[in-house]
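Got the viewer open and the sequence panel showing? Let's take a walk through the model, one selection at a time.

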Amino acid sequence: MNQPDETTHFGFRDVPISDKQTLVNDVFHSVARRYDLMNDLMSAGLHRVWKDLMINALNPPRGEAPFALLDVAGGTGDIAFRAAKAAGSRFRATVCDINSDMLAVGRERARQRHLDDRVSFIEGNAEELALPNNSFDAYTIAFGIRNVPRIDRALHEAFRVLRPGGRFLCLEFSTVDVPGLDRIYDLFSFNVIPPLGRAVTGDAESYQYLVESIRKFPKPGAFADMIRAAGFSRVSWQSFSGGIVALHSGWRL
Ligand SMILES: C[S@@+](CC[C@H](N)C(=O)[O-])C[C@H]1O[C@@H](n2cnc3c(N)ncnc32)[C@H](O)[C@@H]1O
């Protein structure tokens, strides 16, 4: 007898886990060219501040020490570029993303910024990285893990590719915990973001998915438990902007 397929969330919809990645890929194929502009419009530029807070936590060496960063679900390269700007001459970043359209935008941006010798782009799935064990000093994932169907697999892969002593950092939308702000945030999310998405990218549905997927993501304490379950030590998190986003950290010791 056939086993029923395991289900997961695609926004507020329950879908077979095997379908989620295709649905997510459609979202990012659709919005790739306007992805960075939409981030600025939706967050009023705040995503830049959150990303810089992640880079501060990463604290890549500014001197001559070599440093290898893997930025998974790295899309158009924002985290890798910011890290390269903060780092010394022997910094190298590998941006891994499952979506060729997002990567194409990223490669073009790297050329324009003259960073193509320090930042490289590879197509791959966070759940199954075609990368050797113990090969990176840090693993970052920003606004990406929410989209991955099997988050536990992605976390185990993060642990596997990090060197002992390596750092895991995950920036993700979280749970607004300031009374009053939660209602304003909900109103803004559901009433402004999808119409804005329609106006800028011609695609309201992808942005409806975005706001729904944020609501379905585990609360920070539960996500921290998942990071620990993957083997990480000294797991912690910090909330920013009233809980709109959280930065999670763990170490492979
Ligand atoms: C919201 S974007 C984040 C891009 C970038 N990190 C940033 O902060 O601007 C999410 C990215 O996750 C990628 N993604 C979704 N599922 C993935 C998977 N299983 N493996 C790798 N990347 C994935 C998408 O293609 C998309 O580029």
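Select L171 and L247 to begin: L171 stands opposite L247, which belongs to strand β9. This is a predicted model, so keep that in mind at each stop. Now widen the selection to the two strands. Strand β7 (residues 162–173) and β9 run antiparallel, joined by 7 bridges.

How many bridges pair β8 with β9? There are 6, again in the antiparallel sense. For a landmark here, click W237, which stands opposite H248 in β9. Then follow the chain around the turn: β8 and β9 make a hairpin with 4 residues between them. Stop at S241 in that turn, where phi is positive, at about 50°.

**Over to helix α4**

Select residues 78–86. Here 7 of the 9 residues of α4 are buried, so this helix too is largely enclosed by the rest of the structure. To see which ones, pick D78, I79, A80, F81, R82, A83 and A84. What do these buried residues pack against? Show the surroundings and you'll find helices α3 (46–58) and α5 (100–112), along with strands β3 (67–72), β4 (91–97), β5 (119–123) and β6 (136–142).

Now turn on the side chains of the aromatics. The count for this model comes to 12 aromatic pairs. Start with F81 and F121: the ring centres are 6.4 Å apart and the planes sit at 65°, over the 60 degree cut-off, so the pair is edge-to-face. F81 is in helix α4 and F121 in strand β5, so the pair ties together parts 40 residues apart in sequence. Both F81 and F121 are buried.

For another edge-to-face pair, centre on F159 and F232, with 5.1 Å from centre to centre and 80° between the planes. This pair links distant parts of the chain: F159 sits in helix α6, F232 in the loop between α10 (220–229) and β8, and the two are 73 residues apart. F159 and F232 are both buried.

Ring pairs link Y139, F159, F168 and F232 into a cluster.

Most residues other than glycine have a negative phi.

Go to N59, in the loop between α3 and β3. N59 is not a glycine, yet its phi is positive, about 50°. Is N59 buried or partly exposed? Its relative accessible area is 48%, so N59 is partly exposed.

Finish at F143, in the loop between β6 and α6 (151–161). F143 also has a positive phi without being a glycine, at about 55°. With a relative accessible area of 11%, F143 falls under the 20% cut-off and is therefore buried.

Notes. Residues numbered from 1 in each chain as written. Predicted model: local features only at pLDDT ≥ 70, side-chain atom pairs only at ≥ 80, totals over all residues. Heavy atoms only, no water. Buried < 20%, exposed > 50% of the residue type's maximum accessible area, 1.4 Å probe, protein only. Contact = heavy atoms within 4.5 Å. Pairing = 2+ DSSP bridges. Phe/Tyr/Trp six-rings, centres within 6.5 Å; stacked < 30°, edge-to-face > 60°.
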